[in-house]
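Keep the structure open as you read.

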Amino acid sequence: MSSLDTVDLSSIQFLQRQAASLLLYRSVLSDPPGIAFLELLDALKRWDAEGLIYLQAYGKWFQAIAATNKSWQDYLIWQILRNDNPFTQQAQRQDFASLPSALVAAVQQDLQALQSLYECNGGELSCWVQEASKLPLAPVVWYREQDEISDLSDAEKKAIASLQELDNWADAVEDLAAYYRECGTGILSEYQALRWQSGQLLGIAHPDPIKIKELAGYESQRDALMKNTEFLLLGYPALHVLLYGSRGSGKSSLVKGLLNEYANRNLRLIEVSKSDLKDLSKIVELLRNVPQKFIIFVDDLSFEEDDDAFKALKVVLEGNITARPQNVVVYATSNRRHLIREFFKDRPTPSDEEVHAWDTVQEKLSFSDRFGLTLTFEPADQKTYLTIVRHLAEQAGITLPIENLEYRALQWATRHNGRSGRTAQQFVDYLKGELATLDR
């Protein structure tokens, strides 16, 4: 028997019953803070003359919730908004009025149960631990002021306000459905950049911060790619895009910059390596019928003879009996126009057994034509290179005289990797560090 009084034990048992009663939102409590919370409730019901189990359980919960940098209340709300369950999945695909009534009733029950857990704050937990452990002072209470997040969407603001302000969370179910329909759920709502790895999507917590405005020298290619991406975001048919050309010309940076340009419009970037292209059809089906728009990004693309990845990408680009989802496009970069390596020995001779051998060669060489839009990045000439250098220097706040800047930039290109956008960026980064050191 715990050393808590009967009233406290009754409150703890009530919270445990509420948590156990969850039908759809059970995984809200499956992360470390939720697990530690349930373990703390369980510990408080047990007898421990020295009170060590109470203190250890509280310490585990305190550490877990502090790691989120959120209050217990904010943590629970964000878990609800990110939760992936049958209700959140169906709410993305159909109107609220057409959802099964039993599903809505289950959500209402779960929300009322979660509201009870929400109302159990850190101060109450600390008091219970103090009483059970017979401590002269209560353990430190974890408390975090609610952050003012200005870049939330209207749907997010409305869903959060519903849960924070309503006396009965069951009344928030329709607002939550609207939120899921607009913002999605799970990992796709949590991360803007993701990677397909080992058969699953993994979120990228710190994507490349490169911005479109930082890129210069290939304005026509940039404008064409942005226009195509606008089509995707507006729900119109968008084209798959191949960006090919010389190394260091900014092809990959341009694609990554799109994410930072349009992330507030529900754009997601999913990086898929060549070795994982065999999963491409599976990835596309996973993204079908969700609210976000997706760029599947394949960097440095090329194929060898009889490459399975070639066949997988061909199916997605050309389509099959399954309709192509309107919210997914493939953007690939390559250093070669013809993506499949071809050797002179591959070309047919009169003695070849295959009657239509040239057709096979053309099939390989024309693979890049299956991309609806091909953007060419020619090697940077001196004028383009210096334009990029001046642009990057201005972005970095470097105020050297133009003649001096350009002279040093040309020296750098000669001694390093030649003229390219990458070389220009490396030069400006070095120069920025050098000038900062001189100013110290």
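What follows covers a helix pair, some salt bridges and one serine.

Bear in mind that this is a predicted model. Two of its helices, H4 and H9, pack with their axes 10 Å apart, and the structure holds eight salt bridges.

**Helix packing: H4 and H9**
- H4 takes in residues 72-82 and H9 residues 173-183, and the two pack at an angle of about 60 degrees.
- On the H4 side, Ile-80, Leu-81 and Arg-82 make the contact, while H9 brings Leu-176, Tyr-179 and Tyr-180.
- Sorted by type, the residues of this contact come out as five nonpolar, no polar and one charged.

**Salt bridge: Lys-60 and Glu-39**
- Lys-60 pairs up with Glu-39, and their closest N and O atoms are 2.8 Å apart.
- This one links distant parts of the chain: Lys-60 belongs to helix H3 (residues 52-68) and Glu-39 to helix H2 (residues 32-44), with the partners 21 residues apart.
- Lys-60 has 46% relative accessibility, so it counts as partly exposed.
- Glu-39 is also partly exposed, at 34% relative accessibility.

**Salt bridge: Lys-256 and Asp-208**
- Here the side chains meet at 3.9 Å, N to O, against a salt-bridge cut-off of within 4 Å.
- Lys-256 sits in helix H12 (residues 251-262), and Asp-208 in the loop between strand E2 (200-203) and helix H11 (219-234), so the bridge ties together parts 48 residues apart in sequence.
- Lys-256 has a relative accessible area of 26%, which makes it partly exposed.
- Asp-208 is partly exposed too, with 35% relative accessibility.

**Salt bridge: Asp-223 and Arg-222**
- The side chains of Asp-223 and Arg-222 form a salt bridge at 3.1 Å, N to O.
- Asp-223 counts as partly exposed because its relative accessibility is 41%.

**A buried serine: Ser-126**
- Ser-126 is part of helix H7, which spans residues 122-133.
- With a relative accessible area of 1%, Ser-126 is buried, since the label applies under 20%.
- Its side chain reaches the backbone oxygen of Pro-139 at 2.6 Å.
- Leaving aside residues up to four places away in sequence, Ser-126 touches Tyr-58, Ala-138, Pro-139 and Val-141.

Technical notes:
Residues numbered from 1 in each chain as written. Predicted model: local features only at pLDDT ≥ 70, side-chain atom pairs only at ≥ 80, totals over all residues. Heavy atoms only, no water. Axes fitted to C-alpha atoms, helices over the stretch in contact; angles between N-to-C directions. Helix = DSSP H or I, 4+ residues; strand = E, 2+ residues; numbered from the N terminus. Contact = heavy atoms within 4.5 Å. Nonpolar A, V, L, I, M, F, W, Y, C, P; charged D, E, K, R; others polar. Buried < 20%, exposed > 50% of the residue type's maximum accessible area, 1.4 Å probe, protein only. Polar contact = N/O pair within 3.5 Å; in protein donor to acceptor, adjacent residues only side chain to side chain.
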